[in-house]
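The stops below go from one selection to the next.

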Amino acid sequence: MNCKGVIRELSNYIDGDLDPVVKAELERHLGHCEDCTMIVDQTRKTIRIICDSQPVELSGESRTRLHEALRKKMGSSPS
Ligand SMILES: [Zn+2]
(Lines give C-alpha, C1' and ligand atoms only; values in the text may rest on other atoms or scores of the structure.)
Protein backbone atom coordinates (compact mmCIF):
# COMPACT_ATOMS: atom_id res chain seq x y z
CA MET A 1 0.00 0.00 0.00
CA ASN A 2 1.16 3.53 -0.74
CA CYS A 3 0.38 6.90 0.88
CA LYS A 4 -2.68 7.45 -1.31
CA GLY A 5 -4.09 4.11 -0.21
CA VAL A 6 -3.61 5.04 3.43
CA ILE A 7 -5.45 8.33 2.96
CA ARG A 8 -8.23 6.57 1.11
CA GLU A 9 -8.73 4.02 3.89
CA LEU A 10 -8.03 6.44 6.72
CA SER A 11 -11.56 6.95 7.99
CA ASN A 12 -12.35 3.23 7.84
CA TYR A 13 -9.10 2.48 9.64
CA ILE A 14 -9.86 4.90 12.45
CA ASP A 15 -13.43 3.65 12.71
CA GLY A 16 -12.06 0.12 13.04
CA ASP A 17 -14.08 -0.74 9.97
CA LEU A 18 -11.24 -2.02 7.84
CA ASP A 19 -10.78 -5.46 6.37
CA PRO A 20 -8.06 -7.20 8.45
CA VAL A 21 -5.89 -7.78 5.37
CA VAL A 22 -6.09 -4.13 4.31
CA LYS A 23 -5.51 -3.06 7.89
CA ALA A 24 -2.35 -5.14 8.12
CA GLU A 25 -1.06 -3.60 4.89
CA LEU A 26 -1.88 -0.13 6.11
CA GLU A 27 -0.09 -0.68 9.40
CA ARG A 28 2.91 -2.08 7.57
CA HIS A 29 3.04 1.16 5.58
CA LEU A 30 2.72 3.20 8.77
CA GLY A 31 5.74 1.33 10.10
CA HIS A 32 8.02 2.98 7.56
CA CYS A 33 6.18 6.17 6.57
CA GLU A 34 6.38 9.02 9.04
CA ASP A 35 4.04 11.23 7.03
CA CYS A 36 1.18 8.78 7.19
CA THR A 37 1.84 7.98 10.85
CA MET A 38 1.52 11.68 11.57
CA ILE A 39 -1.69 11.99 9.55
CA VAL A 40 -3.27 9.02 11.32
CA ASP A 41 -2.17 10.43 14.68
CA GLN A 42 -3.52 13.90 13.98
CA THR A 43 -6.82 12.59 12.65
CA ARG A 44 -7.29 10.41 15.72
CA LYS A 45 -6.58 13.34 18.03
CA THR A 46 -8.97 15.60 16.15
CA ILE A 47 -11.74 13.00 16.31
CA ARG A 48 -11.13 12.43 20.00
CA ILE A 49 -11.40 16.17 20.70
CA ILE A 50 -14.68 16.37 18.79
CA CYS A 51 -16.09 13.27 20.50
CA ASP A 52 -14.98 14.38 23.95
CA SER A 53 -16.22 17.93 23.76
CA GLN A 54 -19.78 17.20 22.69
CA PRO A 55 -20.97 15.21 25.74
CA VAL A 56 -19.23 17.67 28.08
CA GLU A 57 -21.14 20.56 26.53
CA LEU A 58 -24.43 18.69 26.73
CA SER A 59 -23.99 17.59 30.35
CA GLY A 60 -22.86 21.02 31.47
CA GLU A 61 -24.70 24.08 32.63
CA SER A 62 -26.87 24.36 29.55
CA ARG A 63 -28.36 20.96 30.24
CA THR A 64 -29.16 21.86 33.86
CA ARG A 65 -30.85 25.02 32.64
CA LEU A 66 -32.79 23.06 30.09
CA HIS A 67 -34.03 20.69 32.77
CA GLU A 68 -35.03 23.57 35.02
CA ALA A 69 -36.89 25.25 32.22
CA LEU A 70 -38.69 22.00 31.45
CA ARG A 71 -39.61 21.47 35.10
CA LYS A 72 -41.07 24.98 35.34
CA LYS A 73 -43.00 24.46 32.17
CA MET A 74 -44.35 21.14 33.32
CA GLY A 75 -45.27 22.57 36.73
CA SER A 76 -45.49 20.20 39.68
CA SER A 77 -47.62 17.63 37.92
CA PRO A 78 -46.08 14.16 37.92
CA SER A 79 -45.22 12.84 34.51
ZN1 LIG B 1 2.77 7.07 3.57
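Start by selecting His29 and the residues around it. Not counting residues up to four places away in sequence, His29 touches Met1, Asn2, Cys3, Val6 and Cys36, where contact means heavy atoms within 4.5 Å. His29 is found in helix 2; helices (H or I, at least four residues) and strands (E, at least two) are DSSP runs, numbered from the N terminus. His29 is buried because its relative accessible area is 6%. Buried means under 20% relative accessible area, exposed over 50%, and partly exposed in between, with a 1.4 Å probe and protein chains only.

Before moving on, note how the model is to be read. This is a predicted model, in which local features need pLDDT of at least 70 and side-chain atom pairs count only at pLDDT 80 or more, while totals for chains, interfaces and linings use all residues. Residues are numbered from 1 along each chain as its sequence is written, and side-chain values use heavy atoms, with hydrogens and water left out.

Cys3 in helix 1 (residues 3-15) and His29 in helix 2 (residues 20-32) are 26 residues apart, and the pair links distant parts of the chain. Cys3 counts as partly exposed, because its relative accessibility is 35%.

**The salt bridges**

Next, colour the charged side chains. The structure holds two salt bridges, each defined by a side-chain nitrogen of Lys or Arg within 4 Å of a carboxyl oxygen of Asp or Glu.

For one of them, select Arg8 and Glu9, whose side chains meet at 3.9 Å, N to O. Is Arg8 buried or exposed? Arg8 is exposed, because its relative accessible area is 63%. Glu9 counts as buried at 17% relative accessibility. Glu9 is found in helix 1. Leaving aside neighbours within four places in sequence, Glu9 is in contact with Met1, Leu18, Val22 and Leu26.

For the other, go to helix 3 (residues 34-59) and select Lys45 and Asp41. The closest N and O atoms of this salt bridge are 3.5 Å apart. Lys45 and Asp41 are separated by about one helical turn, because they are four residues apart in the helix. Lys45 counts as partly exposed at 40% relative accessibility, and Asp41 counts as partly exposed at 38%.

**The surface patch**

Move to helix 4 (residues 61-74), where Met74 lies. Select Leu66, Leu70 and Met74, which make a nonpolar surface patch of about 300 Å². Met74 counts as exposed, because its relative accessibility is 52%.

**The whole chain**

Finally, zoom out and show the cartoon. The protein chain has four helices and zero strands, in the pattern α-α-α-α along the sequence. Of its 79 residues, 16% are buried. Among contacts between residues at least 6 apart in sequence, 53% join residues at least 24 apart.

Technical notes. Patch = residues over 30% accessible without salt bridge, like charges linked within 9 Å, V, L, I, M, F, W, Y side chains within 5 Å. Areas by Shrake-Rupley, 256 points an atom, 1.4 Å probe, with all protein chains shown as cover.
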